Amino acid sequence: MYETSYHRAESVEEAAKKMGTAEGGKYVAGGQTLIPTMKQRLASPDALIDLRHIPDMKGISINGKDVRIGAATTHAEVASSADLDAVCPGIASLAGHIGDPHVRHMGTIGGSIANNDPAADYPAAMLALGAAIHTNKREIAAGDFFAGMFETALEEDEIITAVSFTAPEKCAYSKFPNPASRYAMAGVFVARTGDDVRVAVTGAGMDGVFRWEEAESALGSNFAASALEGLAVNEGEMLSDIHGSAEYRANLVKVMAMRAIAEAG
Amino acid sequence: MGIEGIGARVARKEDKRFITGKGRFTEDMVVPGMKQAVFVRSPHAHANIKGIDVSAAKAMPGVIDVLAGDELAEDGIGSLICGWMIHSRDGSPMNMGEWRPLAQSKVRYVGDAVAIVIADTRAQARDAAEAVEVEYKVLPVVTDPAETLQDGAPQIHDNAPGNLIFNWGIGEEEATDSALAGAAHVTEMEIVNNRLVPNAMEPRAALGHYDAAEDHYTCWTTSQNPHVARLVMSAFYNVAPENKLRVIAPDVGGGFGSKIYIYPEEIVCLWASKKTGVPVKWVADRTEAFLTDAHGRDHVTKVKMGFDADNRIVGLKVDTIANLGAYMSLFSSATPTYLYATLLSGQYNIPNIYGNVRAVYTNTAPVDAYRGAGRPEATYVLERTMETAARELGISPAELRRANLIREFPHQTPVIMNYDTGDFEASLNAAMKAADYDGFPARKAEAEGRGKKRGIGMSCYIEACGIAPSQAVGSLGAGVGLWESAEVRVNAVGTIEVLTGSHSHGQGHETTFAQLVSDRLGIPIDNVSIVHGDTDKVQMGMGTYGSRSGAVGMSAIVKALDKVEKKAKMIAAHLLEADEADIVIENGQVKVAGTDKALGWHEVALNAYTAHNLPGGMEPGLKEGAFYDPANFTFPAGCYICEVEVDPQTGKTEIIQFVAADDFGNIINPMIVEGQVHGGVAQGIGQALLEGTVYDEGGQLLTASYMDYCMPRAGDLPSFQVSHQTTECTTNPLGIKGCGEAGAIGSPPAVINAITDAIGNNNLTMPATSQKVWAAVNAA
């Protein structure tokens, strides 16, 4: 790691102000991607501005079906929230399968979404749940937020403060993890409210998280795994690396989608 | 045996300090004035060095010095060597290319050390290392063992034309060819044994300290054999004469073979300490461990196994290419030859065997012995072939093996080894019973109902351990003898220190060696301390590898104890006015058999040191040493059965049960032995399912972190069923065969045999990742 300076922000305003004055600054939350990257000397921010201790950014609030999760909420907190599990079990279960216990107790939902790793789990949930991403400047619909591998709609100094969504009637997340990294080789989040079905896929697409619209319309009229039988994602748009070919990932997307549908019930 | 003697499940004495974080590893060592080193390493797999400019780096904050290969050469530091001479079939000696501790004119793999930077802090050293400017002319690269032998492949070492190190053979080729020609059935396979990265928990490290006032060097390092390190650094690398070099291997956090070898870093740290006048410490980071620890396996093999009409094996022919990487590591030549092809008879009566091994250079990390070392490769070839043959012949894999088992001992194989004892069928039967082999079809049918493909696979392994008679290995090319030493020091109060040439880096010697002493003298293990790992404290010894500490190291202790006991009995006989022949040592007492005349062990010891009343002419003191040179290898053997379920939709394999039935000879501590089996099987399952080492076409290691290189985790493994069937080794006094490597040797073929059985497609390579298994399911 190169030498850097560390600032713990007490408020969103203070964090944004620090970013404005720091040269080469970077926000850090759980640091589960950024810190290892810095240790490898692949990233070298001159200043780290820590968002994880800002009180306004922490915690989960639930009002009927309306859910708001503070951006600095850890995966472990999301996974262990009984209230959240009661209204939206898919996202609680997803959080419980991110990385390992260490990652889950440090990593945050805001950090994961802001980083938009093409194999991260949360982006699939955000897209399938039609979540709103709240920042210190605006509110961005998830569909407009994720802009390709590691790319988002966030501006340089913009801070995600929370995410919110209305819990669907049914939802589930099914993931086939890379056995080494535990990132998704294919992760599919399925959410259904009435005949509105959303299927979001992470880990497999060349451009990061995406919605499998063909599956969504098939499931809209028949919410059953069998509805996907004749369908396939386009192999040409799938990632291919030493862990999985595009062909294999295309298969996993379908299998995970079917399993998520079965689990959502 | 007593509650702490041989056969007792004694909790490990060393675990308190390891579990509470109080271990003392090389990185924990601090010497006043010590500075930190970082190595500049080649980012290219093959390149000529056109120039090295260290001026900018030397001017950086905190930098003490930056040293490169030319300065090392000017000081007469020698090249790294391979210590086992292999001759090719045509009689020519192996083509060993030069391995400079710091590369001078050429780099040959990604990670090759080019320079050392020494600074006040590690971060400063790393900053300065980035400022060292090395001008490279990049050359074409080859990483694949078969491709490196092809015409036009890049030439890696000038003195190894066509990248061939040796072309070696064992056995009778003509007789084997004719047996195969006359066979009723021949099973042919092409088998790949995947390259593995050892991944010891503690990365390699070295602290070199030159004391100018004493003209003396001390090296703390992560070694499995500190005396061998001292010998090699002194005799071959010209670092320092042995009497002026102390090597200490303190607590060492796992080795698996990778810490047998002498690497460039410890040589360079010692030399640099003298050169700069400061103690120099280097600790590998995990990336360096991936890039530069000696890797394991990496064989490509063609095999033919012939059977007669009664399904008896008539001949076995094996043709292997072994990838040794960019340089010949210390014992790299022995692993794919005398530790591999000599085990090709397995547990079977095979009248004709011929093994051909071509060892090759590639632009990859050096490859050497890794847990099992050659024997896993031999077992994988044999046991995959046996299983395949059974399928082709349409008979039970268990019965094909049973029909060919060796049942009479000693048994001379056609490939050097002489098995002294064993009962292979006992382990086969025990494993089949534990696995409920006969109940498998019903379980398979039940799994099918759940959409899962269930398979069962078997592996009957034998290994040669405790390596081995010095004279024999010397005649086969070894540069060292393979005996072991011990000294038993009885203190005046009767407590004991045992100084052993074995080295513990996870094996639990502090417990098991003390159990041996406790068993002999009847004193508590708490009264026995084991001293190892320091060349200034312990007499010359050969260290720990090849499952040899019990069979060879403890045998040396037995010999020393014999001498101690003899003297103690003479003293007791004198004091008790009895005949020496009537004295026995029991429960901490030295007594006249059948009487109540007795002295406490501590009383005898005290008398030896007060020397007020010793037998006439006897020297004071009670301390004896011994060297033990084994008469033969030992031959642990066993049968492993693996049962899996494959999810055909994803290709994911779940191991449902794993049975290990082993004959390790006599066992000192069953708990520790079971732990060895668990660890070994976990590593074998890792090789079979998860661990893939991938170099890209440019020689970059793509799997250089735990994000991409998958080590087995607890959740990947079932609860193992372990049992022992014991035949005593006939060639050492304790009847021990050794247990350290068996798990890693026997398990990979059992896993792959199970998966291929499940999916009905035999075309599957390790690691059998979900993707590969899915593809094989679809191709079946």
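In this predicted model, twelve residues of domain 1 of chain A are in contact with 17 residues of domain 2 of chain A. On the domain 1 side of that boundary, helix 1 of chain A, residues 12-21, supplies the largest share, namely five residues. Sorted by class, this side of domain 1 of chain A consists of six nonpolar and six polar residues, with no charged residue. The C-alpha centres of domain 1 and domain 2 of chain A are separated by 19 Å.

These two domains belong to a set of three. The domain assignment of chain A places domain 1 at residues 5-50, domain 2 at 55-166 and domain 3 at 170-264.

Chain A may next be considered as a whole. Its secondary structure amounts to eleven helices and twelve strands. The radius of gyration of chain A is 18 Å, close to the 18 Å given by the globule rule for 265 residues, and chain A is therefore as compact as a globular protein of that length. Along the principal axes, the C-alpha trace of chain A extends over about 55 × 45 × 30 Å. Of the 265 residues in chain A, 48% are buried. Among the contacts in chain A with a separation of 6 or more, 61% are made by residues 24 or more positions apart.

Attention now turns to chain B. An unreviewed UniProt entry places the feature "domain: Aldehyde oxidase/xanthine dehydrogenase a/b hammerhead" at residues 20-140 of chain B. In the model, this span is 17% helix and 29% strand, and its end C-alpha atoms lie 50 Å apart.

Chain B also contains an open sheet of three strands, arranged in the order 4-2-6 with antiparallel pairing. Strand 4 (106-107) and strand 6 (133-138) of chain B are the edge strands, each of them pairing on one side only. Between strand 2 of chain B, residues 47-53, and strand 4 of chain B, the antiparallel pairing comprises two bridges. Which residue of strand 4 is the bridge partner of Ala47(B)? That partner is Val107(B).

The last element of the description is the meeting of the two chains. Here twelve residues of chain B are in contact with eleven residues of chain A. The side of chain B that touches chain A is made up of eight nonpolar residues, three polar residues and one charged residue.

Technical notes: Residues numbered from 1 in each chain as written. Chains lettered and ligands numbered in written order. Predicted model: local features only at pLDDT ≥ 70, side-chain atom pairs only at ≥ 80, totals over all residues. Pairing = 2+ DSSP bridges. Helix = DSSP H or I, 4+ residues; strand = E, 2+ residues; numbered from the N terminus. Contact = placed C-beta atoms within 7 Å. Nonpolar A, V, L, I, M, F, W, Y, C, P; charged D, E, K, R; others polar. UniProt positions renumbered as here; feature names shortened; annotations may be inferred. Domains from an automatic or database assignment. Rg over C-alpha atoms; globule rule 2.2 N^0.38 Å. Buried ≥ 20, exposed ≤ 12 C-beta atoms within 10 Å, placed from the backbone.
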